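Visitor: Please put the structure up, and then I will ask about its parts one at a time.

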Amino acid sequence: MRRPLVMGNWKLNGNKAVIEDLIKGIDIELNGVEGVDIAIAPPVMFLDLAKQLLSQVQSKIILGAQNVDVNLNGSFTGDISPRMLKEFGTTYVIIGHSERREYHAESDELVAKKFASVKESGMVPILCIGESNAQNEAGETLEVCTRQLDAVIKIQGVDALNGTVIAYEPIWAIGTGKAATSKNAQYIHSAIRAHIAVQSEEVAKNVIIQYGGSVKPENAAAYFTQPDIDGALVGGAALNAKSFAVIAKKAATAKDLIYSRTQFIGKNII
Ligand code: PEP
């Protein structure tokens, strides 16, 4: 059975004091909450600090990174390798976030190679996919999402998605306050799952598909009560411990009920 994952992407925000406050705050707010995996992705400079703080309070919060280089080592000035992230206690690595695709010209092929490199290094990739506003208006959402997904399947095979996470993040919804409706998001999630199911029903059934894009305490429950939405990748609202905790708690409550009712293999288009 799938388990929801709520992850905070802190992007290029914070300093030592802010990171410490956030981690302590989130840990207190979420102490004892079961039924959801909770992860944070601080800026890479603060991974070690985050690791130390989490271990001091024996927190269950899982550590993630926002990006990684494709290479394991070598002459790649300024880059950070998957092995280094692993050594610093990282479990999840966000791959192909739209901000990386846009500001750093990351192609589908490069993202697919990073996906492979993260897996080989013993971590879990979170593969971000999603369409721009123009693509959405042109009715190209599914075409874009499946192309981005197929880049990974092409070099790795569908089984590579086993134990990994996909984050459907419509670019027009990221940081804009203009979130996708829960029904539209469910439609895309279900279609993504159905696309994977063509090659493997087992993989489709088990892969976690998060929604990301202006998720807030007020709209979170509407996503989590959809059968194919397995949690959220949260940007802005993750920078506030109370807001982030409310979102994670809503995932724990809603998903417990939804998963126990049905089994899904991309047939939940509503
Ligand atoms: C993100 O950047 O992954 C994101 C979902 O941001 P926000 O929640 O702020 O829209």
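Visitor: In α5, which residues are buried?

Guide: This is a predicted model, in which local features need pLDDT of at least 70 and side-chain atom pairs count only at pLDDT 80 or more, while totals for chains, interfaces and linings use all residues. Residues are numbered from 1 along each chain as its sequence is written, and side-chain values use heavy atoms, with hydrogens and water left out. Helices (H or I, at least four residues) and strands (E, at least two) are DSSP runs numbered from the N terminus, and buried means under 20% relative accessible area, exposed over 50% and partly exposed in between, with a 1.4 Å probe and protein chains only. By that cut-off the buried residues of α5 are Asp108, Val111, Ala112, Lys114, Phe115, Ala116, Ser117 and Val118.

Visitor: What do the buried residues of α5 pack against?

Guide: Contact means heavy atoms within 4.5 Å. On that basis the partners are α3 (82-87), β4 (92-95), α4 (98-103), β5 and α7.

Visitor: With which side chain does the side chain of Asp108 make a polar contact?

Guide: Asp108 is in helix α5 (residues 108-120) and has a relative accessible area of 13%. Not counting residues up to four places away in sequence, Asp108 touches Arg101, Arg147, Gln148 and Ala151. A polar contact is a pair of N or O atoms within 3.5 Å; within protein, one must be able to donate a hydrogen and the other to accept it, and residues adjacent in sequence count only if both atoms are side-chain atoms. At 2.8 Å, the partner is the side chain of Arg147.

Visitor: In what order do the strands close into a barrel?

Guide: Two strands pair if DSSP finds at least two bridges between them. β1 (residues 5-9) and β2 (residues 37-41), for instance, pair in the parallel sense over 5 bridges, with Ile38 as the bridge partner of Val6. The 8 strands, with parallel pairing, close in the order β1-β2-β3-β4-β5-β6-β7-β8.

Visitor: What angle does the direction of α7 make with that of β5?

Guide: Axes are lines fitted to C-alpha atoms, for helices over the stretch in contact, and angles run from 0 to 180 degrees between N-to-C directions. Helix α7 (residues 141-156) packs on the sheet and touches β5 (124-129) and β6 (165-168), and its direction makes an angle with that of β5 of about 150°.

Visitor: How many residues of β7 are buried?

Guide: Ile208, Gln210 and Gly212 point one way from β7, and Ile209 and Tyr211 the other way. β7 runs parallel to β6, joined by 4 bridges, and parallel to β8 (residues 231-234), joined by 2 bridges. β7 is largely enclosed by the rest of the structure, because its buried residues number 5 of the 5.

Visitor: Which residues do ring pairs link into a cluster?

Guide: Rings of Phe, Tyr and Trp (its six-membered ring) pair if their centres lie within 6.5 Å; planes under 30 degrees apart count as stacked, over 60 as edge-to-face and the rest as tilted. The rings of Tyr168 and Tyr211 have centres 6.3 Å apart and planes at 55°, so that pair is tilted. The rings of Tyr211 and Tyr223 have centres 4.4 Å apart and planes at 20°, so that pair is stacked. The cluster linked by ring pairs is Tyr168, Tyr211 and Tyr223.
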